[in-house]
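Welcome! Here is a friendly walk through one protein model, taken a topic at a time. Have a look at the structure, then read on.

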Amino acid sequence: MYFTAKAKVPERSELKEVGNVCTKIWNKANYYCREQWEKTGKIPDYYELQRVFKDDFWCRKVHSHTAQAVLHKLAEAYRSWFQLRKIDATANPPMFRKKNSISTITFTRYAVKIEKCQMQLTLKRGVYLHLDFQLQPKIELTHENIVRVEVKSGFAYIVYRVEDPPWKQDGQVMGVDLGVIHTATTVKEDGEARIYTGRGLLSIQRYFNKEIGRAQSIVKKQSHGKKEWSKRLSQLARKRARQIKHVLHAQTKAIVDDCVRSNVNVVVAGDLHNIRKLRSDTKKPEKLVRARSWGRVNNQKNHAWSFSQFTATLEYKLRREGILLVQVNEKATSKTCCRCGEIRKRNRKTRGLYVCSKCGLHINADVNGAVNILRKYLRPLGRSSANVSLAKVIKWKESRLSLEALSFRVG
Ligand SMILES: [Zn+2]
């Protein structure tokens with residue numbers, strides 16, 4: 001498992017110089033790559049670049065590992081472009097960097113010396129950079145577990161590896177239902193249900209769609225239809241990505257904190273494949289599509305991305321606590337009654353409420369789904385889930401990180 005620590009870097013003219021050299025190496029090697037591509041139709045790999053640029057004038061000006069890191073990154077960028085252009089013919093190859101711009105400087109562990117909370121980075125022969133850093137408590141940084149240090153715009157990002165903790169053997173199980181109106185609904189064996197709302201996420205999307213649309217029409221108007229992109233537009237896109245990321249991190253963290261607090265050792269989630277199908281199981285597709293809308297263009301793509309991103313982030317954070325994430329088939333979990341097992345599509349009265357026509361259960365539809373997901377995992381183990389009584393439902397607001405109790409009717 002990888003962690004990143006951030007440390008402030010003292011202002012030094014040598015840093016700018018090395019960053020500048022990295023830009024020159026990038027551009028020179030990039031030029032070589034394009035030339036090779038045009039001549040032979042092949043892209044050079046990292047080893048070829050290293051061979052060609054080993055004695056290069058600029059490469060010799062910095063620590064050999066720093067130069068190699070630039071070549072490595074470039075080779076990676078070319079490889080992903082090569083993959084991408086198979087499906088997207090308009091994809092651009094890696095760009096040249098602006099002249100005199102300062103690139104990220106990468107230090108491998110061979111350029112790093114550590115003593116307690118002090119780090120010495122070798123910029124070039126005889127020139128060192130010292131910095132203080134702070135890690136999570138109980139973690140000791142040594143030459144062995146350091147992966148790399150990246151220096152950019154005044155900060156050093158120290159990437160280090162830590163052994164995974166052992167899996168927790170005992171504890172209770174939690175079921176998670178993923179959605180859009182409610183990003184996640186969790187139910188534990190002890191009967192507590194929590195609803196994490198996705199309204200904040202949707203309003204972020206709505207706001208940015210509007211702003212991006214406005215900025216796009218301005219660009220088009222001003223350039224008489226020639227330009228489609230502006231500084232303002234990329235700024236908006238970055239801002240949107242940052243805000244979505246924040247909500248996802250805050251919510252996954254809240255779920256993991258809850259797991260740790262209430263001794264959960266396994267989290268069960270529905271598999272992702274069925275989420276896409278949800279779009280078609282409604283009588284009013286238009287309304288639902290709009291409610292689930294994440295953006296007019298590439299709706300589907302964005303959507304799937306955020307669900308898988310949510311699961312991946314959750315899995316990663318759970319792993320750090322020794323908690324296992326498993327996925328079960330989500331089939332029928334939204335239309336089955338979690339009390340009597342009746343399967344009926346029209347039991348799902350509205351998006352929010354599930355009313356069972358057989359036993360009369362009134363329940364929040366997402367809580368019902370989460371209980372069914374939990375059951376799917378517990379049943380084959382012969383573990384009783386009768387104690388899932390849904391004693392209380394807690395609604396979690398994404399904006400203020402506060403918990404709000406909701407009255408809830410069962411049966
Ligand atoms: Zn029922």
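Lys28 and Asp56 form a salt bridge, with their closest N and O atoms 2.7 Å apart. The term salt bridge stands for a side-chain nitrogen of Lys or Arg within 4 Å of a carboxyl oxygen of Asp or Glu. This pair links distant parts of the chain, 28 residues apart: Lys28 belongs to helix 1 (residues 13-40), while Asp56 sits in the loop between helix 2 (46-53) and helix 3 (64-87). Helices (H or I, at least four residues) and strands (E, at least two) are DSSP runs, numbered from the N terminus.

This is a predicted model, in which local features need pLDDT of at least 70 and side-chain atom pairs count only at pLDDT 80 or more, whereas totals for chains, interfaces and linings use all residues. Residues are numbered from 1 along each chain as its sequence is written, and side-chain values use heavy atoms, with hydrogens and water left out.

How open are the two partners to the outside? Lys28 is partly exposed, at 36% relative accessible area, but Asp56 is buried, at 11%. Here buried means under 20% relative accessible area, exposed means over 50%, and partly exposed lies in between (1.4 Å probe, protein chains only). The areas themselves come from the Shrake-Rupley method with a 1.4 Å probe, and for residues only the protein chains shown count as cover.

How many salt bridges does the structure hold? There are 16. One of them joins the side chains of Arg232 and Glu211, at 3.3 Å from N to O. Arg232 is partly exposed, with 40% relative accessible area, while Glu211 is buried at 13%.

Within helix 5, Asp257 forms a salt bridge with Lys253, their closest N and O atoms being 2.9 Å apart. These two residues are separated by about one helical turn, because they are 4 residues apart in the helix. Both partners are partly exposed: Asp257 has a relative accessibility of 32% and Lys253 has 47%.

## A positive patch

Which residues gather in a patch of positive charge on the surface? They are Lys331, Lys335, Lys345, Lys376 and Arg379. Patches are made of residues with over 30% relative accessible area and no salt bridge, with like charges joined within 9 Å and nonpolar side chains (Val, Leu, Ile, Met, Phe, Trp, Tyr) within 5 Å. Lys and Arg count as positive, Asp and Glu as negative, and His and the chain ends are not counted. The place of a charge is taken as NZ of Lys, CZ of Arg, CG of Asp or CD of Glu.

Lys331 is found in the loop between strand 12 (324-328) and strand 13 (353-355). This lysine is exposed, with a relative accessible area of 61%.

If a disulfide is a pair of cysteine sulfur atoms within 2.5 Å, the count is 0. For Cys59, the nearest cysteine sulfur is that of Cys22, 9.1 Å away. Cys59 is buried, at 7% relative accessibility, and Cys337 is buried too, at 1%.

## Two asparagines in loops

Asn100 has a positive phi, near 65°, and lies in the loop between helix 3 and strand 2 (105-108). Asn263 has a positive phi as well, near 55°. Its place is the loop between helix 5 and strand 11 (264-270), where Asn263 is partly exposed at 40% relative accessible area.
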